[in-house]
Amino acid sequence: NDVYDNLDDDTLIISVNDDEELTRKSTIRVIENYCIKNNLKVNIIECSDGIECLYNYYLLNKKGRTFSFVLSDESMILMNGSKCAEILKDISKDFRIPFFILSAYSVDNITKNSAIDAYFSKPLRTTDIQSIFDKIKNN
């Protein structure tokens with residue numbers, strides 16, 4: 001039985017990518033609290049780098065599903081967030097997956113990339129996740 005077999009159509013599927021486990025857990029907690037408060041069903045997939053994110057995209061795609069959005073660290077060892085965003089943009093032609101970067105560095109110092117919808121500074125705040133949900137609702 002696959003983890004992706006029992007997802008309702010109205011369940012949001014969010015990939016949170018960060019090689020630092022504590023940061024990833026903190027980000028997930030903010031998202032879960034927001035979803036509980038707003039009565040949203042969510043399945044958060046934890047990935048430690050861009051390669052793991054792409055692998056989970058592949059598994060979801062085989063089930064006819066995709067990510068509702070991706071929230072990724074920029075600086076990860078095996079594949080950074082920008083590269084992951086570019087590959088997802090190239091391979092997901094039918095549906096543009098909203099992709100957001102969460103970085104410990106100043107967002108002003110990150111090279112902008114057309115595959116990325118917005119940049120946020122760590123730690124993720126409730127106002128940031130509200131902004132993300134506003135962006136995906138308007139797409």
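Colleague: Which exposed residues does helix 1 carry on the face turned away from its buried side?
Modeller: Leu22, Ile36 and Lys37 are the exposed residues there. Bear in mind that this is a predicted model.

Colleague: OK, and which residues of helix 1 are buried?
Modeller: Arg24, Thr27, Ile28, Val30, Ile31, Tyr34 and Cys35. They sit on the same side of helix 1, because the arc they cover around the axis is only 155 degrees.

Colleague: What do those buried residues of helix 1 pack against?
Modeller: Quite a list: strand 1 (12-17), strand 2 (42-47), strand 3, strand 4 and helix 4 (126-137).

Colleague: How many residues are in helix 1, and how far does it reach?
Modeller: Helix 1 covers residues 21-37, which is 17 residues. From first C-alpha to last it reaches 24 Å, close to the 24 Å expected at 1.5 Å a residue.

Colleague: Is cysteine 35 buried or exposed?
Modeller: Buried, with a relative accessible area of 1%.

Colleague: New topic, aromatics. How many aromatic pairs are there?
Modeller: The count comes to five. One of the pairs is phenylalanine 69 with phenylalanine 100, with ring centres 5.8 Å apart.

Colleague: Why is the pair of phenylalanine 69 and phenylalanine 100 called edge-to-face?
Modeller: Because their planes are at 85 degrees, and planes over 60 degrees apart count as edge-to-face.

Colleague: Where do phenylalanine 69 and phenylalanine 100 lie?
Modeller: Phenylalanine 69 is in strand 3 (residues 69-73), and phenylalanine 100 is in strand 4 (residues 99-103). The pair therefore ties together parts that are 31 residues apart in sequence. Phenylalanine 69 is buried at 0% relative accessible area, and phenylalanine 100 counts as buried at 1%.

Colleague: What sort of pair do phenylalanine 100 and phenylalanine 120 form?
Modeller: A tilted one, 6.3 Å centre to centre with 50 degrees between the planes. This pair also links distant parts of the chain, 20 residues apart: phenylalanine 100 is in strand 4 and phenylalanine 120 in strand 5 (residues 118-121). Both of these phenylalanines are buried.

Colleague: Which residues do the ring pairs link into a cluster?
Modeller: Tyr34, Phe69, Phe100, Phe120 and Phe133. Tyr34 is also one of the buried residues of helix 1.

Colleague: Zooming out, what pattern does the chain follow along the sequence?
Modeller: β-α-β-α-β-α-β-β-α. That comes to four helices and five strands.

Colleague: Why do you say the chain is as compact as a globular protein of that length?
Modeller: Because its radius of gyration is 14 Å, close to the 14 Å that the globule rule gives for 139 residues. The C-alpha trace spans about 40 × 35 × 30 Å along its principal axes.

Colleague: What share of the residues in the chain is buried?
Modeller: Buried residues make up 47% of the 139. As for contacts between residues at least 6 apart in sequence, 64% join residues at least 24 apart.

Terms used. Residues numbered from 1 in each chain as written. Predicted model: local features only at pLDDT ≥ 70, side-chain atom pairs only at ≥ 80, totals over all residues. Heavy atoms only, no water. Buried < 20%, exposed > 50% of the residue type's maximum accessible area, 1.4 Å probe, protein only. Phe/Tyr/Trp six-rings, centres within 6.5 Å; stacked < 30°, edge-to-face > 60°. Helix = DSSP H or I, 4+ residues; strand = E, 2+ residues; numbered from the N terminus. Expected span 1.5 Å × (residues − 1). Arc of directions from axis to C-beta. Contact = heavy atoms within 4.5 Å. Rg over C-alpha atoms; globule rule 2.2 N^0.38 Å.
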